[in-house]
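Here is a short briefing on strand pairing and helix packing. Keep the structure open while reading.

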Amino acid sequence: MSQHRASHPDPSHDERHGSRPAEGHGHGPAEGHGHGPAEGHRHGHQHDGAHTHLDWSELAPLLEGQAEIASPAYADAAAWLGTLVPAPGVRRILDVGSGPGVVTSLLAEAFPAAEAVAVDGSPELLALARARADARGLGARVTTLHAELPEAIDSLGRADIIWAGNSLHHMGDQSDALARFAEQLHPGGLMVLVEGGLPTRHLPWHIGIGRPGLEARLDAAHADWFGEMRADLPDTKDEPDDWRALLAGAGLTPAGTRTFLTDVPAPVSPVVRELAVAHYTRLREGVGFRIAPDDKETLDRLLDPADALSLHRRTDLFHLTARTVHTARKG
């Protein structure tokens, strides 16, 4: 599983924190649900020439870049968790659907007495998680675990915190997965879900090309993709995204919900611009067949480096998103 990110995963991405369109148009593999990025399964359901297969290792650079942009927000979230559970008592953390391990390292830094375990189905992404931890001087406390989820949940071992960043929505039966995660928590342990929030925005409503409101229409196309992705999962169960109720149904006691903002205003750095281009490239590939011809033309202009109003040259490009973190305690 990879993390995306980040809202539902984007067909390009998720997150993960997953072939997808791009990043986290409210939901996303590449960033997350504003998933995020993360999943670990390889699904290949075809729909009118497009598919819902998510190749997380191919998305690695996008996942890593998006998670880095959101690092301040995730660091704030990790600090908040420290107010819910005593940091000195946290000895083992599972980052489920860790992707390239950006959040794994942040959790290790927030809980200095803990071993942080990056759990993912992609060996390539786990290698990035390992390298990142080593570069930050965390190598002694960050480990990696290759696991296909939800099948391997019961073998993950006990933990004081389980962080599932935009990864639960890649499991067909979310209620069952949560109940099994709850069994892995020590008494007093914390289950953390990053699910929902607000769609990622990069452009104003009127961009000077095509009809205003392009991103809202891309959201609608992505929502259709997301529904097909969910329907294609093994043992999929149709249930509302009432995360508090799902956590309570797993025998956990809701401990609080907060939303964390990532706000990078214009003018953006070259790195943020490059990630926006990658995001829209994935959207064009993943949901292009679902949108009107004029919107496809608009996307083509946005992606054309020679166009004065392209993403490569625009002065109004920004990055704004919000990720919601739900927590619940065992016992």
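Strand β7 (residues 185-201) runs antiparallel to β9, and eight bridges join the two. The model is predicted. Strand β9 spans residues 319-330. β9 also pairs with strand β8.

**Strand β9 and its partners**
- Val192 has Thr327 as its bridge partner in β9.
- Strand β8 (residues 252-264) pairs with β9 over twelve bridges. The sense is antiparallel.
- Arg323 in β9 stands opposite Phe260.
- β9 is mostly covered, with nine of its twelve residues buried.
- In a regular strand, side chains alternate between the two faces of the sheet.

**Thr200**
- Thr200 belongs to strand β7.
- Is Thr200 buried or exposed? Its relative accessibility is 0%, so Thr200 counts as buried. The cut-off for buried is under 20% relative accessible area.
- The side chain of Thr200 makes a polar contact with the side chain of Thr321, at 3.0 Å.

**Helices α2 and α3**
- Helix α2 covers residues 71-84, and helix α3 covers residues 102-110.
- Their axes come within 9 Å. They cross at roughly 40°.
- The crossing of α2 past α3 is right-handed.
- On the α2 side, Ser71, Tyr74, Ala75, Ala78 and Leu81 make the contact.

Notes:
Residues are numbered from 1 along each chain as its sequence is written. This is a predicted model: local features need pLDDT of at least 70, side-chain atom pairs count only at pLDDT 80 or more; totals for chains, interfaces and linings use all residues. Side-chain values use heavy atoms; hydrogens and water are left out. Buried means under 20% relative accessible area, exposed over 50%, partly exposed in between (1.4 Å probe, protein chains only). Helices (H or I, at least four residues) and strands (E, at least two) are DSSP runs, numbered from the N terminus. Two strands pair if DSSP finds at least two bridges between them. A polar contact is a pair of N or O atoms within 3.5 Å; within protein, one must be able to donate a hydrogen and the other to accept it, and residues adjacent in sequence count only if both atoms are side-chain atoms. Axes are lines fitted to C-alpha atoms, for helices over the stretch in contact, and angles run from 0 to 180 degrees between N-to-C directions. A crossing is left-handed if the near helix is turned anticlockwise from the far one by less than a right angle, and right-handed if clockwise. Contact means heavy atoms within 4.5 Å.
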